[in-house]
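Hi everyone, thanks for making the time this morning. I'd like to walk you through one model, starting with the overall picture and then going into the details. Let me put it up on the screen.

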Amino acid sequence: MSALKFNSEGKKLKILNLVISEDLINGIYDKNLDNSDRKTLQNDLIKIFPLILATSFVIEDKDSNIEKYEYLLSQSIVRNMKKVGIDGVAYLSMRTDGCSRHSHGVNLAIPMLDDGKSGEYSYLYKYISCTKPVKMDECIQTYEYNKKSYVNKFYPEYLLDIVKDECAKILYEDKHVFYGNTLFSKFDDYLWNQQFYDTKYLVE
């Protein structure tokens, strides 16, 4: 596995943010915003919220859902992204439940919209830096981590006692466990502390 992150050019990509919850809209607060700015931001989030609802449902009757109706709107968004200047979409996984989606279940889809005639790789490699691939069981137990991954930094274990923050838990082997106590969490930190290489230099 490797860790990926956007380089300076990749940070300029335009991402449609469908990771907006009702709690965020109702409770949004920034001490640097005055009331008018806060209201404007809330209104902008409310405008896009119906789209989030429309792309976040699951049809339970799998046998009769031959057409995969829950994906029709999502597929339409992807088909029309290039026309409106959007490079990708961030969305919540439906394979996690409740607020844990916002900490552990955010997906990012960036379609390769080029036709592949210009070279062996999609143009997206120019926007990404990555670490060298390693096996998951490689030296992670004894490694000293200087930097923490996003989830491990902002969802520490003490939150469970202070605010009963269930967002720090995942369903693992049929139990709700603190993510920071899993092997995956340690591997996140291990990868994040490795050297990142600009993919464009590796390819070219």
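Among contacts in the protein chain between residues at least 6 apart in sequence, 65% join residues at least 24 apart, where contact means heavy atoms within 4.5 Å. Before I go on, a word on where this comes from: this is a predicted model, so local features need pLDDT of at least 70 and side-chain atom pairs count only at pLDDT 80 or more, while totals for chains, interfaces and linings use all residues. Residues are numbered from 1 along each chain as its sequence is written, and side-chain values use heavy atoms, with hydrogens and water left out.

The secondary structure comes to 8 helices and 8 strands. Both are DSSP runs numbered from the N terminus, helices being H or I with at least four residues and strands E with at least two. Of the 204 residues in the chain, 30% count as buried. Buried means under 20% relative accessible area, exposed means over 50%, and partly exposed is in between, with a 1.4 Å probe and protein chains only. The chain exposes about 14400 Å², and carbon and sulfur atoms supply 53% of that. Those areas come from the Shrake-Rupley method with a 1.4 Å probe, and for residues only the protein chains shown count as cover.

Now to the inside. Which residues make up the largest nonpolar core? There are 11 in all: Leu 16, Leu 18, Ile 20, Ile 25, Leu 45, Ile 48, Phe 49, Ile 52, Ile 77, Met 81 and Val 89. By nonpolar core I mean a set of buried Ala, Val, Leu, Ile, Met, Phe, Trp, Tyr and Cys residues joined through side-chain atoms within 4.5 Å. Helix α2, residues 35-54, gives the most to this core, with 4 residues. Apart from it lies another core, of 6 residues, among them Ala 3, Tyr 190, Leu 191 and Phe 196.

Leaving out residues up to four places away in sequence, Leu 16 touches Ile 48, Ile 77, Ile 86, Gly 88, Val 89 and Ala 90.

Setting aside neighbours within four places in sequence, Pro 111 is in contact with Val 78, Met 81, Asp 87, Tyr 123 and Leu 124. Pro 111 and Met 81 are 30 residues apart in sequence, and their C-alpha atoms are 9.2 Å apart in space.

Let's turn to helix α7, residues 183-192. The buried residues of α7 are Ser 185, Phe 187, Asp 189, Tyr 190 and Leu 191, and they pack against α5. Asp 189 is buried at 3% relative accessible area. Which residue forms a salt bridge with Asp 189? The partner is Lys 148, with the closest N and O atoms 3.6 Å apart. A salt bridge here is a side-chain nitrogen of Lys or Arg within 4 Å of a carboxyl oxygen of Asp or Glu. The pair links distant parts of the chain, 41 residues apart, with Lys 148 in the loop between β5 and α5 and Asp 189 in helix α7. Lys 148 is partly exposed, at 43%.

In that loop sits Ser 149 as well, buried at 10% relative accessibility. Ser 149 touches Asp 188, Asp 189 and Trp 192, again not counting residues up to four places away in sequence.

By the rule I gave, the count comes to 2 salt bridges. Lys 12 and Glu 9 meet in one of them, at 3.1 Å from N to O. There, Lys 12 is exposed at 58%, and Glu 9 is partly exposed at 35%.

Last, the strands. An open antiparallel sheet has 3 strands in the order β1-β5-β8, with two strands counted as paired if DSSP finds at least two bridges between them. β1 (4-6) and β8 (197-198) stand at the edges with a single partner strand each, so one side of each is left without a neighbour in the sheet. β1 and β5 pair over 3 bridges, and the bridge partner of Lys 5 in β5 is Ser 129.

Elsewhere, β6 (residues 169-172) and β7 (residues 175-178) run antiparallel, joined by 4 bridges. They form a hairpin with 2 residues between them, and Glu 173 in the turn has a positive phi of about 55 degrees.
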